[in-house]
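Visitor: I would like to learn how to read the features of a model such as this one, taking each term with its cut-offs before turning to the case at hand. Could we begin once the structure is in view?

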Amino acid sequence: MTSSVEPGTQVELRPRYEGANIGPWIGFKHVNYLVEEALIAHFRRLGNDVRSLYADHGLCWEIVDIDTRIIHVFNLDEAVRLIVRSRAANDGELTYEVVIVGDRDGDEIKLARSRVSVVLREDSRWASPRAAAAPELASAVVPEIRRSAPASGFGSPPASGLPTDVAGLTQGRNGFAWTFRIPYFYCHFTERLQMSGYLRIMEDAVDRFLADRGVSIRMLLDDQQLIPVVPRSRITMLDEAYMEEDLHVVLVVDDVFKNLTFTVGMECYVQRGQTLVNVAAGAITHGYARLEDRASWGLSDLDERLCRALAR
């Protein structure tokens with residue numbers, strides 16, 4: 001087998017069966033779950049497993065930004081290698097590139113690439129003694145998650161400024177809003193919404209958005225054997241969201257590219273008193289695949305009804 005991937009901390013994993021929701025192919029959410037598992041394995045091998053970081057040092061291991069491009073399809077029960085490489089710290093955050101590679105006819109190819117930022121959020125619920133963290137982790141220790149929106153433009157707030165109420169979040173925008181009560185099983189470290197929870201919320205919100213526009217995923221599947229595929233997704237945390245808060249999720253159509261893909265930005269808010277707080281932002285790009293049989297599919301132009309729905 002030939003390889004063009006530079007070395008790094010490596011782990012072999014298989015996508016979870018739950019993620020095979022398009023025939024035998026794995027969806028974007030579970031690709032990101034593999035990235036999370038690989039990073040946790042990387043910390044473990046360096047002697048900083050996430051359980052000990054919390055129990056011994058009072059530090060909550062948190063992915064606060066994940067930007068993933070999927071280059072080739074992932075198959076059910078396929079063993080893939082994930083290579084984790086450290087990158088220069090960004091504002092103290094620990095940053096990584098994770099490359100996922102697979103075997104295609106004896107050649108090793110990149111299946112996906114992800115850029116991820118991690119912080120270690122101090123636990124504030126318990127006052128029990130804690131040991132000092134390793135010096136190489138010190139820059140990433142934060143008392144709480146409070147971050148600036150990235151300059152990339154993902155999830156940019158309304159041009160007229162942030163409104164004071166939920167109704168104003170979609171006013172004058174090609175958008176969709178949905179309110180979601182944060183359940184405990186989307187949280188970790190007892191109380192805070194975690195990155196995997198945001199990934200599930202993003203997928204759920206797009207499903208609801210398409211149904212609201214009259215082009216539900218089931219409709220296009222039944223009519224034309226079309227199913228959405230995701231070449232890129234990104235989510236970045238800006239603030240903390242807590243168990244049982246109402247999360248106001250806004251999707252805004254950002255771009256339709258040559259009737260091949262469309263991108264929607266995601267914004268997440270909670271209302272605290274009279275103030276809306278932007279707790280996360282992101283974006284997801286969708287194309288469509290036409291299913292041909294149980295084992296093959298091909299990329300398709302966007303359905304005409306879908307293009308009309310996105311242009312509202």
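Visitor: How many salt bridges does the structure hold, and what counts as one?

Guide: A salt bridge is a side-chain nitrogen of Lys or Arg within 4 Å of a carboxyl oxygen of Asp or Glu, and the structure holds 26 of them. This is a predicted model, in which local features need pLDDT of at least 70 and side-chain atom pairs count only at pLDDT 80 or more, while totals for chains, interfaces and linings use all residues. Residues are numbered from 1 along each chain as its sequence is written, and side-chain values use heavy atoms, with hydrogens and water left out.

Visitor: Which residue forms a salt bridge with Arg16, and where do the two partners lie?

Guide: The partner of Arg16 is Glu37, with the closest N and O atoms 3.5 Å apart. Glu37 belongs to helix H1, whereas Arg16 sits in the loop between strand E1 (9-13) and H1, so that the pair links distant parts of the chain, 21 residues apart; helices (H or I, at least four residues) and strands (E, at least two) are DSSP runs numbered from the N terminus. For accessibility, buried means under 20% relative accessible area, exposed over 50%, and partly exposed in between, with a 1.4 Å probe and protein chains only. Glu37 is partly exposed at 26%, and Arg16 is likewise partly exposed, at 48%.

Visitor: How many residues apart are Arg218 and Asp222 within helix H4?

Guide: They are four residues apart, about one turn of the helix, and both lie in H4 (residues 217-224). Elsewhere, salt bridges that share partners join Glu144, Arg146, Asp239, Glu245 and Arg272 into one network.

Visitor: What is the volume of the largest pocket, and how is a pocket found?

Guide: Rolling a probe the size of a water molecule over the atoms shows where empty space is left. On a 1 Å grid over the protein atoms alone, a cavity is a set of points where a 1.4 Å probe fits but cannot get out, whereas a pocket is an open set with protein on both sides within 12 Å along at least five of seven lines, and lining residues have an atom within 4 Å of a point. Grid points are joined across faces, edges and corners, and a volume is the space filled by probe spheres set on the points. The largest pocket has a volume of about 760 Å³, and among its 33 lining residues Ile22, Gly27, Pro228, Val229 and Val230 lie nearest its centre. Strand E13 contributes the largest share of this lining, six residues.

Visitor: Which residues lie nearest the centre of the second largest pocket?

Guide: They are Asp65, Asn90, Glu93, Ser117 and Arg147, out of 24 lining residues, and this pocket has a volume of about 480 Å³. Strand E5 gives the most to its lining, with four residues.

Visitor: With which side chain does Glu93 make a polar contact?

Guide: A polar contact is a pair of N or O atoms within 3.5 Å; within protein, one must be able to donate a hydrogen and the other to accept it, and residues adjacent in sequence count only if both atoms are side-chain atoms. The side chain of Glu93 makes such a contact with that of Arg147, at 2.7 Å. Glu93 is placed in strand E4 and is buried, with a relative accessible area of 10%.
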